[in-house]
Amino acid sequence: MEFAELIKTPRVDNVVLHRPFYPAVEGTLCLTGHHLILSSRQDNTEELWLLHSNIDAIDKRFVGPLGTIIIKCKDFRIIQLDIPGMEECLNIASSIEALSTLDSITLMYPFFYRPMFEVIEDGWHSFLPEQEFELYSSAISEWRLSYVNKEFSVCPSYPPAVIVPKAIDDDALRKVATFRHGGRFPVLSYYHKKNGMVIMRSGQPLTGTNGRRCKEDEKLINATLRAGKRGYIIDTRPLNIAQQARAKGGGFEQEAHYPQWRRIHKSIDRYHILQESLIKLVESCNDQTQNMDRWLSKLEASNWLTHIKEILTTACLAAQCLDREGASILIHGTEGTDSTLQVTSLAQIILEPRSRTIRGFEALIEREWLQAGHPFQQRCAQSAYCNSKQKWESPVFLLFLDCVWQILRQFPCSFEFNENFLIMLFEHAYASQFGTFLGNNESERCKLKLQQKTMSLWSWVNRPSELSKFTNPLFEANNLVIWPSVAPQSLQLWEGKSCILCKPIIDSPGCCLDCLWVQEYVYTAVYIRYYLKIRRYITSFYCDKNTKFTNVILNCTQRWSSISRCCETVSRALLRVT
Amino acid sequence: MEHIRTTKVEQVKLLDRFSTSNKSLTGTLYLTATHLLFIDAHQKETWILHHHIASVEKLALTTSGCPLVIQCKNFRTVHFIVPRERDCHDIYNSLLQLSKQAKYEDLYAFSYNPKQNDAERLRGWELIDLAEEYKRMGVPNSNWQLSDANREYKICETYPRELYVPRIASKPIIVGSSKFRSKGRFPVLSYYHQSKEAAICRCSQPLSGFSARCLEDEHLLQAISKANPANRYMYVMDTRPRHRVQSWWATQKDIGRIIVRISSKIWNDEKIRESDEKKRLNAMANRAAGKGYENEDNYSNIRFQFVGIENIHVMRSSLQKLLEVNGTKGLSVNDFYSGLESSGWLRHIKAVMDAAIFLAKAIAAESASVLVHCSDGWDRTSQVCSLGSLLLDPYYRTIRGFMVLIEKDWISFGHKFSERCGHLDGDPKEVSPVFTQFLECVWHLTEQFPQAFEFNEAFLLQIHEHIHSCQFGNFIGNCQKEREELKLKEKTYSLWPFLLDDQKKYLNPLYSSQSQKSAVLEPNTVSFNFKFWRNMYHQFDRTLHPRQSVFNIIMNMNEQNKQLEKDIKDLESQIKQRKTKQTDGILSKELLNSVRPESPALKATLSLKEQALLPVNNVLRTIEGSSPAANRYSEYADEFSKAEPAVVSLEYGVARMTC
């Protein structure tokens with residue numbers, strides 16, 4: 001086993017663990033291939049299990065013979081270990097460093113993880129493109145599922161099956177692919193059933209400085225428009241950046257060649273700008289300063305909320321074009337794998353009621369992020385504490401989740417899931433025992449044989465026992481378009497995520513507000529209602545001896561018992577909290 | 001009425017405050033003796049009380065008419081466009097007159113008539129009884145007694161008649177101390193903590209700058225200290241920032257007369273000496289310049305604490321800056337936060353909160369009595385004393401208790417509501433959002449401790465509404481003496497009974513009284529816990545609010561549960577009835593038949609009940625997925641189309657122009 005070589009000291013006794021807002025714990029530290037474990041070896045005490053892949057950075061300090069390792073995690077936690085003995089400390093530190101930066105994906109924990117739960121539904125097959133397409137098929141006569149990318153030869157970052165206009169054959173698609181960045185030809189992202197308008201996404205057109213054009217591309221894009229209709233192309237880059245891109249072979253659609261389309265430029269930042277923003281944000285959150293002005297100026301300087309606002313505004317704009325203007329849109333940035341996906345997926349949250357359900361949201365992540373080729377491996381390699389400035393890391397997905405949270409805050413009854421669901425997705429995107437977020441695109445995932453070798457996150461999440469943690473008790477299906485406010489006064493800092501360190505606040509009942517306390521009220525209401533119903537049947541029985549009475553009452557009591565079981569779990573959970 | 005020249009103007013436009021595309025509603029503007037009323041084409045009414053108007057501004061004439069901008073004290077801002085300049089001018093002049101009354105007798109409260117008889121009105125005023133409240137705290141007792149020194153307002157005009165002082169403090173001591181304190185506001189009891197035997201006392205600043213020391217005052221402080229057998233030292237909190245105290249005294253002329261005494265007296269308390277050595281040196285140096293706080297050497301067993309809450313003028317301009325930032329159209333995130341920072345508003349809120357926390361800790365953790373003062377002891381002192389008591393005593397976190405707290409620490413101890421809220425046309429420099437800050441601090445606490453308060457945000461907002469509305473007598477006048485002279489109890493109504501009648505609206509559904517028993521709140525004051533209070537400063541800007549409110553839903557659900565429980569009881573009693581009838585029925589067929597005709601009637605009542613429940617049902621949630629969810633949002637959908645997020649449409653407009 002390779003790991004054994006990296007672990008010089010597998011076990012150290014008398015290690016003291018310090019976590020902010022928790023009492024210090026003394027215990028035994030163990031290193032395994034994938035975990036750092038600290039156990040006080042007493043009953044009833046929680047053990048710390050930390051995935052090596054969750055470690056973002058570590059610091060060492062020595063005071064005499066006592067060594068201290070400060071571990072900064074990708075989920076923003078900071079923990080401190082006091083290790084007696086210089087040598088042990090150095091060994092542990094170097095082992096952690098090596099184990100947390102393994103090069104080979106196949107050595108990652110998901111390939112070793114054996115689930116302890118029964119798999120009811122294999123998450124790898126939960127959201128197949130064919131099924132997703134079927135949801136639309138009743139309304140779509142102009143679209144088809146194309147397997148042109150079956151071998152990942154046309155576009156390496158696309159999945160094997162994509163939805164394209166019916167009028168365009170596979171040969172044309174191959175030609176269009178050569179005209180678009182990364183081979184990402186325009187594909188369907190969302191079909192708005194209300195008026196048949198669509199959102200498409202792609203990479204930038206490779207017009208270059210000499211204004212190259214591609215007849216098939218123009219034909220493809222125009223094929224999505226109905227007669228006499230106009231469309232909008234939303235470029236997530238500002239105009240000057242798009243113009244500069246021409247020098248590198250990229251570019252944007254010229255009006256002359258796409259007369260039915262209007263181009264709109266927005267400015268959503270990418271890559272290191274976002275990464276730096278996150279680093280500054282987490283730094284200011286960790287600064288437990290009492291100084292109000294310093295906090296506000298740091299929050300402002302991080303620009304995090306500005307990014308949120310920019311992304312939300314663009315998504316609202318896209319949704320507005322579709323729903324209000326009745327116009328189809330094409331969205332792209334440079335590669336079409338980051339800001340493009342933020343906009344397309346958020347527009348769907350705003351427009352499509354299904355994407356606000358748990359299953360629908362999972363399908364959205366699967367379709368618009370995983371299948372659409374957002375390079376999770378690259379983007380989530382490091383988090384807020386990394387010092388090495390590599391170009392590819394960026395909290396693009398986290399920003400998306402934060403935007404969803406902002407909408408959730410404004411429409412607390414329109415989402416089937418709660419804040420915990422979003423936090424869970426964030427944690428698993430950065431470090432997980434599941435294979436879902438490994439790899440950068442479908443092609444890589446196929447090569448890694450993730451489906452055979454690892455477990456899908458959805459297999460775990462979609463079990464009733466897990467789902468209950470992520471369900472919003474106030475959810476009420478709402479078929480309307482939800483328009484969030486993007487005014488700065490309406491945007492908030494997402495503490496649950498950003499301030500994971502400030503445990504006391506999270507533990508304060510305020511955070512239970514959206515969950516347990518509400519559940520109590522809801523279930524009492526449901527409970528009483530069913531009780532009432534039974535009572536009513538009994539009354540009517542005494543009134544006119546309904547023959548079907550037994551069936552009804554049976555049905556009713558069954559439902560009642562399931563409700564009362566719910567009540568029990570809630571009350572137990574309540575007890576735990578209080 | 002003599003100020004009103006035009007009572008009705010048609011075709012007036014109401015502009016959307018944050019829309020850059022000049023979106024507007026057209027309607028009719030009415031001017032009544034008490035309100036300005038705008039009714040738009042959808043018959044939606046906007047009422048603005050004249051007393052709520054903080055400023056009226058007539059802007060330069062435009063092609064569409066004459067713009068009139070009205071800013072209200074409850075942070076509503078409306079922007080009208082009146083088609084004819086003449087009408088605009090008339091309304092402008094009328095509003096200027098009507099919003100600034102010269103006499104108390106012209107305030108709304110003196111004409112407001114809620115159709116109650118005299119007995120009801122009197123009962124309303126007697127709802128809050130402060131003597132009862134002191135009894136609840138456990139005074140008078142062996143250490144504290146009711147003093148009749150101020151019975152005729154002879155010692156201090158701005159204090160109430162009934163004051164509680166240490167039992168060992170004799171009248172000459174009180175009189176002597178009051179002469180040494182600014183405006184005669186000598187140290188008196190504000191809150192007594194029964195189990196810790198510690199007290200919160202309040203007063204104004206000492207006039208030590210003139211006479212250097214006052215033995216009676218020193219005696220009174222000793223008496224307060226001795227009234228607490230649990231602890232031999234006490235705190236004196238000066239809520240002012242130290243540099244302010246210095247500059248205030250620097251303006252006094254008789255500095256030269258001050259004898260500087262640098263005493264060699266050895267401090268009794270070794271601990272203080274060590275920790276406060278530096279502070280002590282500092283204080284000595286300051287005293288050399290003749291500062292207005294207690295000479296520490298003259299007061300033994302006293303620990304001095306400065307907390308930096310700024311004065312009313314700083315607070316006023318801070319709020320002004322905050323409102324300017326918020327009113328900006330198309331505000332960017334960065335401008336918002338830098339504006340929030342430069343306004344300093346949250347910093348001031350935090351300063352008040354920090355002071356209250358210090359106070360609560362001194363009592364809860366050290367059982368030490370605390371004497372709080374600022375300059376005059378009616379602004380910052382009120383904030384700190386009331387917030388401190390709120391942290392210590394769960395009673396003040398109930399609806400009734402909160403009313404008592406306001407009556408006690410604000411109204412009776414002479415917070416100058418009329419001057420601070422600008423009820424009359426007076427000195428604008430006396431206006432300051434001191435009470436608003438107190439409410440905001442309470443709101444921050446409700447955010448951190450959602451289960452600790454019986455009331456919700458709406459309650460705080462409603463109180464804020466009424467301190468400016470002058471609809472009720474409670475907040476009119478600057479002190480009790482003035483209120484008695486105005487005969488408010490005979491001529492006006494008290495706000496509290498009206499709030500209690502509407503209690504349902506103000507209940508916090510998450511409140512749990514059991515878990516709060518004797519719990520001292522210990523708020524976390526890390527900076528990021530202080531947030532901008534959107535629902536206060538943008539109460540009337542609906543587009544900025546969350547579109548669905550969890551609070552309302554839980555409240556409705558709670559209501560509904562109660563109704564359902566009642567139904568169950570009804571049904572159960574019916575079943576019992578039926579059962580007895582049925583057993584009878586077995587005996588006699590005729591009887592059974594006689595039951596039958598009843599059944600449709602029963603069903604009818606049942607279905608009626610079901611229907612009665614249904615509307616609530618729709619508002620709440622669909623449990624069985626049967627009711628059409630769309631009903632609930634039809635009005636929302638409407639609103640969306642009217643009030644699209646302003647910024648989005650702005651962006652859209654810009655984007656289209658660049659195409």
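**Exercise 1. Classify the residues that line the largest cavity, and state which of them lie nearest its centre.**

*Solution.* Step 1. By class, the lining of the largest cavity comprises 13 nonpolar, two polar and four charged residues. Here Ala, Val, Leu, Ile, Met, Phe, Trp, Tyr, Cys and Pro count as nonpolar, Asp, Glu, Lys and Arg as charged, and the others, Gly among them, as polar.

Step 2. The model is predicted: local features need pLDDT of at least 70 and side-chain atom pairs count only at pLDDT 80 or more, while totals for chains, interfaces and linings use all residues. Residues are numbered from 1 along each chain as its sequence is written, chains are lettered from A and ligands numbered from 1 in the order in which they are written, and side-chain values use heavy atoms, with hydrogens and water left out.

Step 3. The cavity is lined by 19 residues, and Pro129(A), Pro159(A), Ala161(A), Arg201(A) and Arg367(A) lie nearest its centre. The elements of chain A that give two or more residues to this lining are α3 (129–137), β9 (162–165), β10 and α11 (358–371). Helices (H or I, at least four residues) and strands (E, at least two) are DSSP runs, numbered from the N terminus.

Step 4. About 250 Å³ of space lies in this cavity, and the structure holds 12 cavities of 30 Å³ or more. On a 1 Å grid over the protein atoms alone, a cavity is a set of points where a 1.4 Å probe fits but cannot get out, and a pocket is an open set with protein on both sides within 12 Å along at least five of seven lines; lining residues have an atom within 4 Å of a point. Grid points are joined across faces, edges and corners, and a volume is the space filled by probe spheres set on the points.

**Exercise 2. Describe the sheet of five strands in chain A.**

*Solution.* Step 1. The sheet is open, with mixed pairing, and its order is β10-β11-β14-β12-β13. Two strands pair if DSSP finds at least two bridges between them.

Step 2. β10 (187–192) and β13 (261–265) of chain A stand at the edges with a single partner strand each, so one side of each is left without a neighbour in the sheet.

Step 3. Strands β12 (residues 231–235) and β14 (residues 328–332) of chain A run parallel and are joined by five bridges. The bridge partner of Asp235(A) in β14(A) is His332(A).

Step 4. Helix α9 (residues 304–323) of chain A packs on the sheet and touches β10, β11 (197–201), β12, β13 and β14 of chain A. Contact means heavy atoms within 4.5 Å.

**Exercise 3. Determine how α8(A) and α11(B) are oriented to each other.**

*Solution.* Step 1. Two packed helices are described by the angle between their axes and the distance between the axes. Axes are lines fitted to C-alpha atoms, for helices over the stretch in contact, and angles run from 0 to 180 degrees between N-to-C directions.

Step 2. Helix α8 (residues 292–302) of chain A and helix α11 (residues 333–343) of chain B pack at about 170°, with axes 9 Å apart.

Step 3. α8(A) and α11(B) are therefore roughly antiparallel to each other, a term for angles over 145 degrees.

Step 4. Asp293(A), Leu296(A), Ser297(A), Leu299(A) and Glu300(A) in α8(A) meet Asn334(B), Tyr337(B), Ser338(B), Leu340(B) and Glu341(B) in α11(B). The contact has four nonpolar, three polar and three charged residues.

Note on methods: Angles under 35 degrees count as roughly parallel, over 145 as roughly antiparallel, 65 to 115 as roughly perpendicular and the rest as oblique.
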